[in-house]
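This report describes the fold of a single protein chain for a reader who works with coordinates. The sequence and the model are shown first.

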Amino acid sequence: MAFSLKEFVLEARSAAAEEHPVAAVNNLMVQTFADPDAIAAAVRPFGTGDETLYEDEQVSVYWVSFAPHELVPPHNHKMPAFLGVYQGVEINRLYRRARTGSLEEIKQKRLLPGDTLSLGGEGIHAVYAEGDAPSLGLHVYLGSLSTIERELFDSETGESMSFTTENYHKLVRPLD
Ligand SMILES: [Fe+2]
């Protein structure tokens, strides 16, 4: 079936407005990413990084590209987050905070085209694209991601700091 980015944004907005938005958005992601080739055929890459497709107080919809050889530092979202990959391979390192304040990696999720992943508001992940090509995907968040106060973490020390562009650049790591 043909994919339309405009239609996906509308569907994400109505799923987020449902009585059980987590289940509704999850269903939407699973259904949408069942045909990753249709998304790849319909969506022209926006370039590197993120592109905000829609954002209000209730929902944010982003087009997201992760670069190879670069680890996006561990961070939370402070709202439910839904990730889907339609091109490339994306590695998500999932963490929890230990009582001592350090960061513990609990598992890795390798997302292939068609795979989706959801994270709770306190979920922490670090992300990179496997291989030499970027990974391309769509993310939905249940809130206004660009305006909420959230955190970045130093993967070595577990130190948390506010999610600002400056801190982000301080923590982003090359991968070899
Ligand atoms: Fe994230």
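What follows treats the overall dimensions, the strand pairings, the helices, and then a few individual residues.

## Basis of the description

The structure is a predicted model, in which local features need a pLDDT of at least 70 and side-chain atom pairs count only at pLDDT 80 or more, whereas totals for chains, interfaces and linings use all residues. Residues are numbered from 1 along each chain as its sequence is written.

## Overall dimensions

The protein has four helices and twelve strands, both being DSSP runs numbered from the N terminus (helices are H or I with at least four residues, strands are E with at least two). Its C-alpha trace spans about 45 × 40 × 25 Å along the principal axes. The radius of gyration is 16 Å, which agrees with the value near 16 Å for a compact globule of 176 residues; this radius is taken over C-alpha atoms, and the globule rule is 2.2 Å times the number of residues to the power 0.38.

Of the 176 residues, 34% count as buried, where a residue is buried if 20 or more other C-beta atoms lie within 10 Å of its own, exposed if 12 or fewer, and partly exposed in between, with C-beta atoms placed from the backbone. Among contacts between residues at least 6 apart in sequence, 76% join residues at least 24 apart; two residues are in contact if their C-beta atoms, placed from the backbone, lie within 7 Å.

An open sheet of five strands has the order 1-2-9-4-7, with antiparallel pairing, and two strands are said to pair if DSSP finds at least two bridges between them. Strand 1 (50-55) and strand 7 (116-119) stand at the edges with a single partner strand each, so one side of each is left without a neighbour in the sheet. The twist averages 20° from one strand to the next, with axes being lines fitted to C-alpha atoms, for helices over the stretch in contact, and angles running from 0 to 180 degrees between N-to-C directions.

Strand 1 and strand 2 are joined by a hairpin through four residues and pair in the antiparallel sense over five bridges, with Thr-52 opposite Tyr-62 in strand 2. On to strand 9: strand 2 (residues 60-66) pairs with strand 9 (residues 135-141) in the antiparallel sense over seven bridges, and here Trp-63 stands opposite Leu-138, while Val-64 stands opposite Gly-137. Strand 2 is mostly covered, five of its seven residues being buried.

## Helices on the sheet

Helix 1 (residues 5-16) lies across strand 1, strand 2 and strand 9, and runs at about 55° to strand 1. Helix 2 (residues 21-33) also packs on the sheet, where it touches strand 4 (81-87), strand 7 and strand 9, and its direction makes about 5° with that of strand 4.

Pro-21 is found in helix 2 and counts as partly exposed, because it has 18 C-beta neighbours inside 10 Å. Not counting residues up to four places away in sequence, Pro-21 touches Ala-15, Ala-16 and Leu-142. Tyr-141, which lies in strand 9, counts as buried because it has 26 C-beta neighbours inside 10 Å. With that sequence limit of four places applied again, Tyr-141 touches Val-59, Ser-60, His-77, Met-79 and Ala-81, and its C-alpha atom is separated by 9.3 Å from that of Ala-12, although the two residues are 129 apart along the chain.

## Pairings of strand 5

Strand 5 (residues 90-97) runs antiparallel to strand 6 (residues 103-111), to which eight bridges join it, and the two form a hairpin with five residues between them, where Gly-101 in the turn has a positive phi of about 100°. Six bridges also join strand 5 to strand 8 (residues 124-129), again antiparallel. Glu-90 has a bridge partner in each of these strands, namely Leu-111 in strand 6 and Ala-129 in strand 8.

Most residues other than glycine have a negative phi. His-69, in the loop between strand 2 and strand 3 (70-75), has a positive phi of about 60° although it is not a glycine, and it is exposed, with 12 other C-beta atoms within 10 Å. Lys-78, in the loop between strand 3 and strand 4, likewise has a positive phi of about 60°, but counts as partly exposed, with 18 C-beta neighbours inside 10 Å.
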